[in-house]
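I opened my notebook to look at how this protein is put together. Here is what I looked up, entry by entry.

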Amino acid sequence: MNLTENDVFQKCFDYERLEQVKKSGLYPYFIPLSGHVGAEMKIEGHSIIMLGSNNYLGLTDHPRVMESAKDAIDKYGTGCTGSRFLNGTLDLHIELERRLAEFLDKEMAITFSTGFQSNMGVISTIAGRNDIIYLDRLDHASIIDGSRMSYGRVLKYRHNDHEHLRYMLENNRKHPGVIVTDGVFSMEGDLADIPGLVEISKEFGVRLIVDDAHGVGAMGPRGRGTAEHFGCHEDVDILVGTFSKSFACVGGFAAGPARVMEYIKHTARTMIFSASLPPAAVATVIAALDVLEQEPELVSRSHSAAERARQGLASMGYNVGNSEAPIVPIIVGDEVQTLLFWKSLYQEGVFTNPVVSPAVASGGEMLRTSYMATHTDAMIDRALETFEKCGKALGII
Ligand SMILES: Cc1ncc(COP(=O)(O)O)c(C=O)c1O
């Protein structure tokens, strides 16, 4: 391809990192999976223990969930071909929103086509010109981008550092404000101190939004998320979440006071200018919610699997961070070592996710492992044997 002078495509040709990693044989991304996505599955023809998904409840191949999706296609067809606002609202969407509001004990819930769009839509409509958005520095990209899309001013406090947050709030008392945090931080699996944030939000008269993408369906006695885990579920003003993890599908939601949800529903650009969730997806999520409500013990099962792995890895000498969710990071601290470790595990039948800069700060490179209710002790033990073998061969432990 010929480039012109001052070509906007120039940057694509200057981007050499990708080629370098591909040449080294350590390129770990966009791997095609074939067959059912589950605790153990086929990838590139061989069997592998999946420790790299967010399928915490293991519902992606649950017979009842799959059946609901098929029935919805039979009844409604494959897509809605329009936004919720106009032609894209089915009775199924309304049912899901009612069920979610009930489950989460919030006045009203609204659904979006992705979790990313949920954060973008909620934050960009709630934070106006004179408002300040207080973000944890490790908040998810969708929170950052939603904040950028708003007219509000963004201030970032150091990760979980409430002194830093208080300092910012003290200096901006005249401005309406909103704190937005992940409930479970997605890479390392550590939790936001939600009770502390609730206290601060009340003291300073600002609102609290929790994006609990990795918490709803994975934390709390009933699976209602990180705030439920801490016993302060009702004190969160808006709870945002996704269907792309515990709910085994795709899509997202926000839940909170009816007046606020109605406002977002009628003004959020990511709601109004994007097509609605297809029927099979909505039916999947309703069925997943049925399963979660009837079998809340699935949440603790994913934690037991994670705990078995966490203890096994720590006893081998791995640095497993401070996770309290069904996510266990293995902090390696070097990019090349992380990629080599990932590759040897993959070749030996264990799928993990390598996390390198800029997703984590340099020196924090790690493998992210995550656990499902459907991982058996035998699977975890087999994975642990592989971690020991590969880690020793590479001198990581
Ligand atoms: C904390 C957090 N928020 C939001 C999202 C976006 O969710 P979705 O995959 O539904 O777009 C993710 C997904 O990675 C996430 O980890």
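**Entry 1: a helix and its buried side**

I began with helix α6, residues 141–149, in what is a predicted model. I looked up its buried residues and found Ser142, Ile143, Gly146 and Ser147. These residues sit on the same side of α6, because they cover an arc of only 135° around the axis. Next I asked what covers the buried residues of α6. The cover includes helix α5 (115–126) and the strands β5 (132–136), β6 (153–157), β7 (177–182) and β8 (207–211).

**Entry 2: the seven-stranded sheet**

I then followed those strands into their sheet. The sheet is open, has seven strands and mixed pairing, and runs in the order β4-β10-β9-β8-β7-β5-β6. Its edge strands are β4 (108–112) and β6, each of which pairs on one side only. On average, neighbouring strands here are turned by 20° against each other, with direction ignored.

One pair I noted is Ala109, which stands opposite Ala255 in β10.

Which helices pack on the sheet and touch β4, β9 and β10? I found helix α4 (residues 91–104), whose direction makes about 130° with that of β4. I also found helix α10 (residues 258–267), which touches β4, β9 and β10 too, with its direction at about 20° to that of β4.

**Entry 3: the four-stranded sheet**

Another open sheet has four strands in the order β1-β2-β3-β12, again with mixed pairing. Here β1 (33–34) and β12 (350–351) are the edge strands, each pairing on one side only. I checked β1 and found that it pairs with β2 (residues 40–43) in the antiparallel sense over two bridges. Ser34 stands opposite Lys42 in β2. Helix α15 (residues 377–393) packs on this sheet and touches β2, β3 (46–50) and β12. The direction of α15 makes about 100° with that of β3.

**Entry 4: two domains**

Last, I stepped back to the whole chain. It is divided into domain 1 (10–60 + 297–393) and domain 2 (63–294). The domain centres, taken over C-alpha atoms, are 26 Å apart.

Conventions. Residues are numbered from 1 along each chain as its sequence is written. This is a predicted model: local features need pLDDT of at least 70, side-chain atom pairs count only at pLDDT 80 or more; totals for chains, interfaces and linings use all residues. Domain bounds come from an automatic or database domain assignment. A residue is buried if 20 or more other C-beta atoms lie within 10 Å of its own, exposed if 12 or fewer, and partly exposed in between; C-beta atoms are placed from the backbone. The arc is that of the directions from the helix axis to the C-beta atoms. Two residues are in contact if their C-beta atoms, placed from the backbone, lie within 7 Å. Two strands pair if DSSP finds at least two bridges between them. Axes are lines fitted to C-alpha atoms, for helices over the stretch in contact, and angles run from 0 to 180 degrees between N-to-C directions.
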